[in-house]
Structure formats: structure tokens, C-alpha cells
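Try each task on the structure before reading on.

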Amino acid sequence: MYLGFVLWLASCSGDDITTGNSHDDYDPVGTPILFSVGLQDKAITRTPTSSPMAKWSHFVCTMYYHSNKNDNNYSAFDLTDGKITKAWLEVSDDAGNATYKNEAFSAAGTPFYWQNRLNHAFVAIANNHALKSTTSQIIYQSTSDAGHNTYDLTKGTKASITDQPDPIRAVDIQDPSDGTPANNSVTLNFQHQFSLIQVNLKNATSNSTNITAEQITKVELLGVSTEGNVYTKLNTDGTITATTGNTINLDTYTDEQLAVNKWGTSFDMFAMASPATGYLKSFNAIAFGHLRAIRITWSTHTATFEITEAAQRDLASGKQYVYNLEISNTTPAAARGQVADRAQSELVRLADVTITNWPLNNE
């Protein structure tokens with residue numbers, strides 16, 4: 001990393017850079033800002049056990065700072081045009097260090113510089129399903145821009161989960177307080193902004209259910225958002241608004257539509273190539289908003305697992321929800337003097353739900 005800083009110094013004029021010749025008189029103001037890029041928790045340069053973002057990955061970043069002469073770290077960040085700078089970066093090695101590129105990611109770009117010794121804020125975003133794409137994600141850079149990116153969370157013609165939007169965002173606030181360039185590097189830890197839902201299905205062990213994987217044809221998430229809003233504009237206090245999903249207004253649906261699905265929206269999940277251990281079939285999808293129910297279709301049967309009001313939840317950014325469900329036989333009770341009908345496979349029973357962090361992989 002220090003070598004990269006030396007190379008930057010060699011490429012900049014003396015008017016661009018203000019620095020001393022030793023650690024004692026080193027002044028970071030006016031020097032390029034170095035980046036290390038980690039996934040989910042800690043960056044690789046700070047915690048060796050964590051995972052760096054993959055080499056050649058691309059992201060875009062905006063920088064904010066306190067611009068007024070009498071500002072301190074408790075002052076508002078300056079969000080006026082001309083005070084917000086933007087940069088495109090590429091992970092340049094297997095350790096997660098990043099270099100500046102132009103907007104097309106095809107040549108060297110202009111770096112950020114430390115403006116003063118106060119806190120600087122950095123907001124970065126990338127497309128986790130196309131990290132090496134040369135099409136950068138939209139990010140706020142002007143007062144005329146919207147403060148968020150809106151993503152389509154409907155199924156549409158998407159054929160796999162990798163066709164879904166998976167924006168990842170990193171936010172960091174740091175001042176250049178150390179006496180060496182490398183130790184002043186900014187650590188960006190990216191996190192998923194939507195949620196990953198997985199549904200695992202198997203026959204119940206308590207009876208003679210004998211459903212095959214091929215008979216399970218569809219699993220749907222009911223009531224989830226059709227759009228997700230990921231905020232890329234810093235607030236003046238240094239915070240950033242949490243990702244949101246649009247609210248589903250049932251008044252916009254017809255009685256006929258609500259008769260089929262009382263929760264309005266439905267997302268048809270993707271069958272996974274390999275089921276979870278011990279299960280017949282597994283499905284997954286990226287979703288957000290308020291999960292109301294899970295509907296399963298198999299053979300000639302359709303059953304809806306209605307999540308109780310106490311268990312319904314707003315899906316959280318960066319979380320993975322795993323629902324383990326069992327298909328069970330039921331035998332209708334016989335009326336007096338009648339023979340009971342034969343058992344039918346039409347009950348879906350919740351075994352458990354597990355909520356964990358949704359990790360980012362180094363791919």
C-alpha cells in the first residue's frame with residue numbers, strides 16, 4: 001500500500017501535494033487518499049481473517065468533508081455542489097487495495113485528497129452481481145440528483161437469482177490522524193442492501209408423505225416489496241438513510257386479484273441447483289419489504305404458510321432468512337357413519353426459521 005502511495009506522489013506535481021520528508025513533519029492534507037476494501041465486517045488490512053473484495057472489482061464512491069474555516073467534527077458535512085467529489089475505483093490486488101480509475105474503468109483516474117484534518121465521509125456502492133462490469137452504479141453527486149437508487153424487485157423475466165439486483169454499499173468516516181500515509185487509508189466494508197430468503201422443503205417424518213422433488217413446482221413470497229430504495233446521499237450529520245422497500249397498497253388490487261392472493265404481491269422464487277442437506281428441494285430469492293406468507297405449489301396442491309402477525313417482519317438489509325418447511329399428510333375426520341377420506345398431502349408445517357448475516361463472497 002505504501003508503495004502505491006509513493007507511485008501517486010511521483011505522478012503528482014508539487015503544487016498538488018503538500019507533504020514533509022519525515023514522519024515528524026508529515027502533513028496528510030493535500031495527499032491522495034488510499035483505500036482498502038473489505039466485505040461485510042472488517043477489511044483485510046485490519047483483520048487478516050476477513051475477506052477482501054475480489055481483484056478487478058469496481059465501485060464508485062463520493063467524498064464529503066467539513067469545508068468551512070471554523071468547522072469541527074460536530075459541524076454539518078457540506079452537501080453543496082462543488083464540495084462533493086466522486087471517484088471510480090478498482091480493486092488492484094488480492095489484498096483488497098484499490099486504485100483510482102476513470103469513469104469507464106479503462107485508465108487511471110483522479111484521486112481523492114485529504115482536504116483538512118477533520119472527518120471526511122465516504123459513501124460507495126457496487127453491483128455485487130457484476131463487480132467487474134465497466135458500467136458503474138448511480139451515486140449521488142449533486143443537489144439536483146435523487147438521494148437514492150431505486151431497484152426493481154419483481155420477478156419479471158429474470159431466470160435466476162443472479163439476474164436480480166444485489167447492490168452493496170459501504171460507508172466510512174475517517175480523519176487523517178496518523179503520521180503515515182498507509183495508516184490513514186480508508187477502510188470500506190461493503191454490505192448487501194436487500195435480504196436473501198431461502199425455503200427448504202421435505203416430507204414430514206411423522207407420517208407416510210411421499211412427495212418427490214419433481215412434484216414441487218413453485219414457492220412464492222407473498223406481500224414483499226416490488227421496489228427497493230438504496231440511499232447513496234449522506235445526511236449532514238454523517239449518517240445515511242437505511243434502505244427501504246415500497247409499501248404495498250392493497251387498495252390498488254381488484255377483488256379478483258385479492259381472492260387469489262390477499263397480500264397483493266407475489267415473487268416466484270428460484271429453484272436452487274442443489275437442495276439443502278436433508279431436504280427434497282430448496283428455493284431462494286433476493287427480496288425486501290414485509291414478508292407476509294410463503295405459498296408452496298406441488299403436484300395438484302397449493303398450500304400457503306401464513307406467517308402469524310407476531311412472526312411477520314420487515315426484512316433487514318444484509319440478513320439471510322432460512323425457512324425449513326415440511327409437507328405433511330392430513331386425514332380429514334370422518335362424520336358419524338361415514339368412512340374417512342384417504343389422506344391428502346396439503347399441509348405445510350413450519351419447522352424453523354433461521355436469521356443470520358448474509359455474507360459477501362470473494363468471487
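**Exercise 1.** Which residue in strand 4 is the bridge partner of Leu89?

*Solution.* Step one: the bridge partner of Leu89 is Tyr100. Strands here are DSSP runs (E, at least two residues; helices are H or I, at least four), numbered from the N terminus, and two strands pair if DSSP finds at least two bridges between them. Step three: look at the turn, where the hairpin has 5 residues between the strands and Gly96 takes a positive phi near 90°.

A word on the source: this is a predicted model, in which local features need pLDDT of at least 70 and side-chain atom pairs count only at pLDDT 80 or more, while totals for chains, interfaces and linings use all residues. Residues are numbered from 1 along each chain as its sequence is written, and side-chain values use heavy atoms, with hydrogens and water left out.

**Exercise 2.** Why is strand 4 described as largely enclosed by the rest of the structure?

*Solution.* Count the buried residues of strand 4 (residues 97-101): 4 of the 5 are buried, so the strand is largely enclosed. Buried means under 20% relative accessible area, exposed over 50%, and partly exposed in between (1.4 Å probe, protein chains only).

**Exercise 3.** What parts does the salt bridge of Lys101 and Glu90 tie together?

*Solution.* First, check the contact: the two side chains meet at 4.0 Å, N to O. A salt bridge needs a side-chain nitrogen of Lys or Arg within 4 Å of a carboxyl oxygen of Asp or Glu. Next, locate the partners: Lys101 lies in strand 4 and Glu90 in strand 3, so the pair ties together parts 11 residues apart in sequence. Finally, check accessibility: Lys101 counts as buried at 16%, and Glu90 does too at 11%.
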